[in-house]
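Dear colleague,

I am handing over the structure below, followed by notes on what turned up in it. Please read the notes with the coordinates open beside them.

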Amino acid sequence: LIHFIKRATMNNNEHEANFQQFRPCCLLFLQAPDCQVLDTLKTLVDHASSQDLMNLQDHILFPLQVYLRDPSKGSTKLTLQTIEFIHHFAGKVKLKSKFVFTDILNSMLALASSKEKSINEDFKLQIVICIAAMLKSADDDLMKEFYKEESKLPISHLVFTSLQWMEQEKSPRLKLDCIAVLDALLERRSSEFDNIFHALLPGITSRLIKVCQDRELAQMSVKVAGVRTWKNYVATLFNDQRATLFDDEFIKNAQIQIGIQFKAIQGLRMHSDMRISTVLLYTAESLMKNCWDILQNCRYQILDILIIHQTKNQNETAINTFIEKSVNSKDVLCLE
């Protein structure tokens with residue numbers, strides 16, 4: 001309650017005045033969390049200016065932070081509505097506070113891994129949708145702070161949870177939104193990102209490949225997303241420019257594992273769905289451009305995909321690029 005009674009943290013009198021319309025709902029939700037109060041607060045947010053929401057975001061989100069730390073005092077419906085509110089709010093402003101961001105993230109991850117109360121697929125869906133929205137909404141300074149070493153544990157927890165749900169849950173929508181969290185983490189990377197994620201790369205790529213190989217999964221959109229995200233992580237974290245950062249043993253092991261995974265992806269090359277052939281082409285081109293030397297063991301698979309795509313589409317640009325790179329590197333490739 002002190003957060004609302006003592007307003008010393010307000011930057012100026014104007015912010016204090018602007019918060020007056022939100023104060024009753026925030027205080028009431030803090031004292032007695034309720035769906036109706038949250039609906040009223042959402043209406044106020046929808047009618048407020050983006051600048052006011054930007055300036056007041058920490059104060060508006062504070063009672064929701066407090067509730068998510070101990071959601072046992074509310075119903076499942078209220079907890080879902082709280083998460084949906086945060087998702088909605090993140091779509092309206094750039095989140096600025098690392099404390100607010102990580103506190104909400106940790107609370108949702110605690111919900112995701114709770115052993116006392118299991119959550120259904122709809123609940124999991126709302127969690128990953130909200131987290132992806134928060135990652136996209138966070139401003140650059142926040143993400144620079146987020147990717148520092150002290151955030152390694154919650155980041156690892158988030159990645160593991162997303163991969164686990166992506167692999168184990170049946171809902172194609174949930175699988176896609178788990179992949180979207182991985183995409184958002186990569187898209188919002190900062191200079192510190194590589195230090196944390198290069199150790200996570202083997203787990204990320206192997207789980208993505210499992211989804212792409214799932215014969216019971218009929219929705220091709222999930223497999224397309226999986227291949228695309230696999231490509232993006234490999235090309236970003238295990239490329240020629242970063243080769244000097246790894247020791248020989250790490251490179252050797254990564255080459256073997258990624259080579260096996262890429263061969264598994266290559267097995268989809270004859271699929272009739274054009275989305276698969278297109279994403280495989282983009283994957284081959286990306287590895288050819290970014291990983292030519294460090295993944296030289298994948299050159300045959302790259303060429304195989306390029307040839308099949310060229311045969312279907314009569315586009316020789318990628319093949320010519322491959323030939324030029326082979327000549328420049330004095331590479332002799334035996335085609336069987």
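The largest pocket has a volume of about 330 Å³. Please keep in mind that this is a predicted model.

Lining the largest pocket are 18 residues, and those nearest its centre are Pro 71, Ser 72, Leu 111, Ser 114 and Lys 117. Two or more lining residues come from each of helix H5 (50-69), helix H6 (76-90) and helix H7 (98-112). H7 has the largest share of this lining, with three residues. By type, the lining of the largest pocket holds six nonpolar, eight polar and four charged residues.

The second largest pocket has a volume of about 170 Å³. Its lining consists of Leu 201, Pro 202, Thr 205, Ser 206, Phe 250, Asn 253, Ala 254, Gln 257, Ile 258 and Gln 261. The elements that each give two or more residues here are helix H13 (201-212) and helix H15 (248-266). H15 gives the most, with six residues. The lining of the second largest pocket divides into five nonpolar and five polar residues, with no charged ones.

Next, the aromatic side chains. How many aromatic pairs does a search of the whole structure find? The search finds 14. Ring pairs also link a set of residues into a cluster, made up of Phe 101, Phe 146, Tyr 147, Phe 193, Phe 197 and Tyr 233. When you look at individual pairs, a pair of aromatic rings is described by the distance of the centres and the angle of the planes.

The last item is helix H18, which covers residues 317-328. H18 has 12 residues and reaches 17 Å from its first C-alpha to its last, close to the 16 Å expected at 1.5 Å a residue. Which residues of H18 are buried? They are Ala 318, Ile 319, Phe 322 and Ser 326. Seen down the axis of H18, these buried residues fall within an arc of 105°, so they line one face of the helix. Thr 317, Glu 324, Val 327 and Asn 328 are exposed, on the other side of H18.

Best regards

How values were computed: Residues numbered from 1 in each chain as written. Predicted model: local features only at pLDDT ≥ 70, side-chain atom pairs only at ≥ 80, totals over all residues. Heavy atoms only, no water. 1 Å grid on protein atoms, 1.4 Å probe; cavity = no way out; pocket = protein on both sides within 12 Å on 5 of 7 lines; lining within 4 Å. Points joined across faces, edges and corners; volume = space filled by probe spheres on them. Helix = DSSP H or I, 4+ residues; strand = E, 2+ residues; numbered from the N terminus. Nonpolar A, V, L, I, M, F, W, Y, C, P; charged D, E, K, R; others polar. Phe/Tyr/Trp six-rings, centres within 6.5 Å; stacked < 30°, edge-to-face > 60°. Expected span 1.5 Å × (residues − 1). Buried < 20%, exposed > 50% of the residue type's maximum accessible area, 1.4 Å probe, protein only. Arc of directions from axis to C-beta.
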